[in-house]
Every structure is written in C-alpha cells, then in structure tokens.
Amino acid sequence: MKAKKIVIGAVAATMLSLSVCSIAPVFAAGETVQISVSKVEAKAGETFSVDVSLANVPSSGIQCCDFALKYDSSLIKVDSVKAGALADTGATSADPSASLLSIFDSSINNDTGITSLIWTTALDDSSYWMNGDGVFCTVTGTVSADAKGSIPIEIVPTSRDTHTGSGAPNAVVSVGYFENKDIIRYDVKTSAGAVTVPDSGSGTTSSGNGKYKKGDANCDGDVNISDAVLIMQSISNPGEYKVSEQGVINGDVIGNDSLTNMDALEIQKYTAHLPSALDE
C-alpha cells in the first residue's frame with residue numbers, strides 16, 4: 001500500500017493523473033463515464049453554484065480521476081470548490097496517509113480561467129472508491145458586474161505533460177483505477193455547463209422559466225444527466241436541494257404528480273439513448 005501511495009500521491013501533489021505513468025494504460029472496453037456540469041442562471045455581480053456530476057460509473061468503481069474546468073475568467077470567477085456526496089467515500093478516514101495528502105483536491109487559477117480537480121486514494125478496497133452516480137463537487141463563484149448572456153464551463157484535460165520530461169501535452173480526461181501494475185482507464189464523455197446572465201428586467205430566475213419541457217427538472221432548457229441528479233438529490237436531501245414548481249412538472253416523466261427515482265431513471269435512459277418514457 002505504501003508504494004502505491006507514493007505513486008498516486010505524487011500524481012495528486014502535482015495535479016497529475018493516471019496518464020502520468022509511462023506504462024501504457026489499458027482501456028476498459030465498453031465502460032464510459034459521463035462527466036457533466038450543471039447549467040444555472042445568476043444575475044450580474046452575484047454568486048452562482050454549479051454541480052459537477054459523474055454518471056454511468058462502472059461497478060468496478062473509480063480510484064482516481066483528474067480533469068479541469070475551463071471558463072472565461074473575465075466574466076466569472078471561481079471562489080471555492082466543495083467535494084460532493086459522491087466523493088465522500090470514507091477513504092479520508094481509512095487511508096493512513098490522507099492526513100498528508102487530501103483525497104479530494106482542487107486548484108483554482110482565475111488568471112487563466114482553469115480550475116483543476118482531482119480525487120485519488122491508495123486504498124485497494126474498492127468499497128472506498130467512488131461508486132454509483134452523483135455530485136462529485138460543487139463549484140461556487142462570482143459573476144462579473146458587466147457579464148451578459150451564457151458563459152460556458154467546459155470540462156477539459158488538466159494542462160501538463162503526459163509524464164515528467166515527455167514534452168508531450170496531456171490530452172485526456174483521466175478516470176480509472178490501478179490493477180496490480182496496470183492502469184485501467186475508462187472512456188469519458190463530457191457535457192459542458194453554463195452560467196446564464198438574464199437580461200435586466202427579464203424576470204427569469206434559476207428557479208424555473210415557466211415553460212414545460214418533459215424531463216427538464218432544473219428548467220435550464222435542456223434534458224441531460226443534471227436533471228436526473230437534481231431529482232435524486234431532492235429526494236435524498238430535500239432540505240438542501242429544491243426543485244421549482246415548474247421543475248416538478250417537467251421532471252414528472254412517469255406522470256404520478258411527484259418526483260421519484262423512476263423519473264430520474266427514465267431521464268438517464270434518455271441521455272444514454274436507450275428506450276425511455278421521454279420518447280413517448
């Protein structure tokens with residue numbers, strides 16, 4: 001365990017990832033993890049919060065992931081990053097070296113408009129890895145006083161060399177785990193988020209746009225994994241996560257006048273291009 005922690009710890013300390021190792025990674029065939037950023041509205045000069053969520057996490061789990069968020073720092077600035085429920089696996093208390101190196105870490109650089117994110121543990125016990133779908137972290141920031149329109153927040157590879165001295169830039173979002181001496185990496189699909197600044201006097205807010213769109217629980221105009229995540233959050237933690245009245249109407253995919261995990265499941269099927277109630 002100690003030897004492995006040295007390897008992974010060096011990765012985390014320098015904001016590197018699975019691809020740092022010069023050993024060629026093994027790709028997990030047919031395993032694709034979805035990473036998405038939510039879309040919200042916020043007025044110019046005020047604060048915003050977006051969730052970064054993982055979905056379609058394979059049953060083998062995630063031992064290490066490393067990627068960055070890219071945004072226009074002249075329009076929005078990131079103030080803080082807080083680990084989400086998905087990242088709270090208990091590894092911090094079980095990993096003996098976690099006191100020296102955080103399991104979850106972030107690096108905010110508003111000069112370049114890049115916020116780097118990493119989660120890694122040396123524990124071989126996969127019950128301490130990230131399993132299931134949910135919120136990986138919540139990013140909070142401030143909108144510029146003169147910002148207008150939709151400001152994208154993209155998911156990009158962490159800027160660095162593939163490994164020390166390679167001279168080759170990293171070009172992948174790394175998500176996977178170690179198996180003996182092999183690096184197992186999942187394929188990754190990403191979905192960008194956005195902070196939309198409404199026109200002055202438009203009267204629209206992030207609580208809902210008053211328009212019906214089946215599956216659009218967060219009322220951002222799109223149907224994606226963020227809607228499913230919001231529904232599940234509102235069910236498991238209703239005190240913290242609220243769905244607007246319009247969002248409940250939109251998110252009631254099954255048609256039982258309330259939001260349930262079945263609604264979230266149908267939305268996940270739809271985003272995965274599987275037969276879903278949203279196709280009806």
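Is Cys 137 buried or exposed? In this predicted model, Cys 137 is buried, with a relative accessible area of 0%; buried means under 20% relative accessible area, exposed over 50%, and partly exposed in between, with a 1.4 Å probe and protein chains only. The model being predicted, local features need pLDDT of at least 70 and side-chain atom pairs count only at pLDDT 80 or more, while totals for chains, interfaces and linings use all residues. Residues are numbered from 1 along each chain as its sequence is written, and side-chain values use heavy atoms, with hydrogens and water left out.

The protein holds 5 helices and 12 strands. Helices (H or I, at least four residues) and strands (E, at least two) are DSSP runs, numbered from the N terminus. Of its 280 residues, 47% count as buried. Among the contacts with a separation of 6 or more, 75% come from residues 24 or more positions apart, where contact means heavy atoms within 4.5 Å.

The cysteines were examined next. A disulfide is a covalent bond between the sulfur atoms of two cysteines. With a disulfide defined as a pair of cysteine sulfur atoms within 2.5 Å, the structure holds 0 disulfides. The cysteine sulfur closest to that of Cys 137 belongs to Cys 65, and because the distance is 8.9 Å, it is too far for a bond. Cys 64 is buried, at 1% relative accessibility.

Strand β8 (residues 134-143) is largely enclosed by the rest of the structure, because 8 of its 10 residues are buried. Two strands pair if DSSP finds at least two bridges between them. Strand β3 (residues 47-55) pairs with β8 in the antiparallel sense over 8 bridges, and Leu 54 stands opposite Gly 134 in β8. Strand β5 (residues 76-83) also runs antiparallel to β8, joined to it by 7 bridges; here Lys 82 stands opposite Thr 138.

Two packed helices are described by the angle between their axes and the distance between the axes. Axes are lines fitted to C-alpha atoms, for helices over the stretch in contact, and angles run from 0 to 180 degrees between N-to-C directions. The axes of helix α3 (residues 225-236) and helix α5 (residues 261-271) come within 8 Å and cross at roughly 165°. The two helices are therefore roughly antiparallel to each other, a term for angles over 145 degrees. On the α3 side, the residues that meet α5 include Ile 225, Ala 228 and Ile 231; on the α5 side, those that meet α3 include Asn 261, Ala 264 and Ile 267. In α5, Asp 263, Ala 264, Glu 266, Ile 267 and Gln 268 are buried, and the buried residues of this helix pack against α3 and α4 (245-251).

Positive phi values were found at several residues. Asn 56 has a positive phi of about 60° although it is not a glycine. Asn 56 is placed in the loop between β3 and β4 (64-70) and is partly exposed, with a relative accessible area of 42%. Cys 219, likewise not a glycine, has a positive phi of about 55°. Cys 219 lies in the loop between β12 (193-197) and α3 and counts as buried, at 9% relative accessibility. His 273, which follows α5, has a positive phi near 60°.

Technical notes
Angles under 35 degrees count as roughly parallel, over 145 as roughly antiparallel, 65 to 115 as roughly perpendicular and the rest as oblique.
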